[in-house]
Amino acid sequence: EVQGFRQLIAIDRKFEVFSRVWCVAELVQAHACNTKQHVQLYSCQGLRDDTDDLSLYVQLATMTAANAEATRPEDKDAILAKIPCIAEFDARLQAAIFGEHGLLKRRFVGFGIFEAAASV
């Protein structure tokens, strides 16, 4: 562990960083290693708790590494081949984004209500 080391995640306007397989793999690995992570958002537009548009939340909550993209198909294949269980990886990805110490935990305050309602 290197004192003061952190991972900075620069999140673009459309949150496409979460659709890139290399980025997702690095986020999950850093989270699993308890590396401090900091987020720099281009815009908080889709994250406001008073928005009627839940598309960003749905996009992030339903993402899977299997659908992530790479410029070169062989890169995606190589990364996915190193993931023994995609479902488990996706659960770790969700924890890295929304979990107790997740990247966007403070941004989606109150959205757990939707999950609770959906499971009833």
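Select Ile-79, which lies in helix H3 (residues 73-81); helices here are DSSP runs of H or I with at least four residues, numbered from the N terminus. The model is predicted, local features need pLDDT of at least 70, side-chain atom pairs count only at pLDDT 80 or more, and totals for chains, interfaces and linings use all residues. Residues are numbered from 1 along each chain as its sequence is written, and side-chain values use heavy atoms, with hydrogens and water left out.

Ile-79 has 9% relative accessibility and so counts as buried (under 20% relative accessible area, 1.4 Å probe, protein chains only). Show its neighbours next: leaving aside residues up to four places away in sequence, Ile-79 touches Val-21, Trp-22 and Ala-25, where contact means heavy atoms within 4.5 Å. From Ile-79 to Ala-25 the C-alpha distance is 7.7 Å, across 54 residues of sequence.

Now select helix H1 (residues 21-32) and helix H4 (residues 86-98), whose axes come within 9 Å and cross at roughly 75 degrees. Axes are lines fitted to C-alpha atoms over the stretch in contact, with angles from 0 to 180 degrees between N-to-C directions. H1 is therefore roughly perpendicular to H4 (65 to 115 degrees). On the H1 side, pick Val-24, Ala-25, Val-28 and His-31; they meet Phe-89, Arg-92, Leu-93, Ala-95 and Ala-96 in H4.

Finally, select Phe-15 and Phe-18. Their ring centres are 6.3 Å apart and their planes are at 20 degrees, so the pair is stacked (centres within 6.5 Å, planes under 30 degrees apart). Phe-15 is buried at 2% relative accessibility, and Phe-18 is buried at 3%.

Terms used: Rings of Phe, Tyr and Trp (its six-membered ring) pair if their centres lie within 6.5 Å; planes under 30 degrees apart count as stacked, over 60 as edge-to-face and the rest as tilted. Buried means under 20% relative accessible area, exposed over 50%, partly exposed in between (1.4 Å probe, protein chains only). Helices (H or I, at least four residues) and strands (E, at least two) are DSSP runs, numbered from the N terminus. Angles under 35 degrees count as roughly parallel, over 145 as roughly antiparallel, 65 to 115 as roughly perpendicular and the rest as oblique.
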